[in-house]
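Have the sequence and the 3D view ready as you read.

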Amino acid sequence: MYYTLQDEKFHTALIQLSIDDGAAEQVLVRAVQYHPFKQQVQHIDFQRVSAESVVELRVPLHFVDGDACLGVKMQGGAISNVLKEVMVRCVASKLPEFITVDQSKLAVGNLSVHLSDIALPEGVQLVSLLRGADLAVSMLNGAKG
């Protein structure tokens with residue numbers, strides 16, 4: 001179980017959990033407690049959901065094309081990823097495994113990628129944007145134009 005919990009997609013997947021009486025419930029992982037120094041899981045909290053339940057959950061960000069962007073390749077800049085995950089709101093059956101952040105347009109004159117720049121799967125909303133906070137996700141540092 002410990003190694004399964006290390007896989008990031010396990011934390012955003014709908015899981016069929018077998019109950020003692022033989023019934024199966026559809027659940028999401030909500031919290032995991034580990035032993036302080038052993039590779040041992042002490043407790044897992046699950047949330048029962050239906051496929052149509054609206055949920056809010058943290059989803060990891062995967063960054064692509066940063067090494068090929070103009071700001072890094074031609075202008076000598078370096079990219080700092082400010083966020084590693086975002087809180088999304090969607091129907092449980094549409095919960096994405098991860099969200100891709102395209103960094104290919106980073107250059108002098110376009111120094112950051114904000115939440116509003118991210119292409120989202122259908123039916124998925126970013127909670128920060130719903131609350132009016134268009135945070136920077138990635139920033140280009142040290143580029144010379």
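C69 has a relative accessibility of 0%, so this cysteine counts as buried (buried means under 20% relative accessible area, exposed over 50%, and partly exposed in between, with a 1.4 Å probe and protein chains only). C90 has 2% relative accessibility and therefore counts as buried too. How many disulfides does the structure hold? The count is zero, where a disulfide is a pair of cysteine sulfur atoms within 2.5 Å.

A word on the source: this is a predicted model, in which local features need pLDDT of at least 70, side-chain atom pairs count only at pLDDT 80 or more, and totals for chains, interfaces and linings use all residues. Residues are numbered from 1 along each chain as its sequence is written, and side-chain values use heavy atoms, leaving out hydrogens and water.

Now for the strands. They are DSSP runs (E, at least two residues; helices are H or I, at least four), numbered from the N terminus, and two strands pair if DSSP finds at least two bridges between them. Strands of a sheet pair through backbone hydrogen bonds, either parallel or antiparallel.

An open sheet is built from four strands in the order β7-β4-β6-β9, with mixed pairing. Because β7 and β9 (125-126) stand at the edges with a single partner strand each, one side of each has no neighbour in the sheet. Within β7, D102 stands opposite V64.

Here are some strand pairs to find in the model:

| Pair | Sense | Bridges |
|---|---|---|
| β2 (24-34) and β3 (41-48) | antiparallel | seven |
| β4 and β7 | parallel | four |
| β5 (78-81) and β10 | antiparallel | four |
| β8 (112-114) and β10 | antiparallel | three |

A hairpin of six residues links β2 to β3, and V32 has I44 in β3 as its bridge partner. In β10, S138 is the bridge partner of N81, while A136 is that of H114.

Which residues touch the most other members of the largest nonpolar core? Among its 23 residues, they are L61, V86, V88, L95, I99, L115 and V137. β4 (54-64), β6 (85-91), β7 (99-102) and β10 (136-141) each give two or more residues to this core, and β4 gives the most, with four. A nonpolar core here is a set of buried Ala, Val, Leu, Ile, Met, Phe, Trp, Tyr and Cys residues joined through side-chain atoms within 4.5 Å. A second, separate core has six residues, including I15, V27, V29 and I44.
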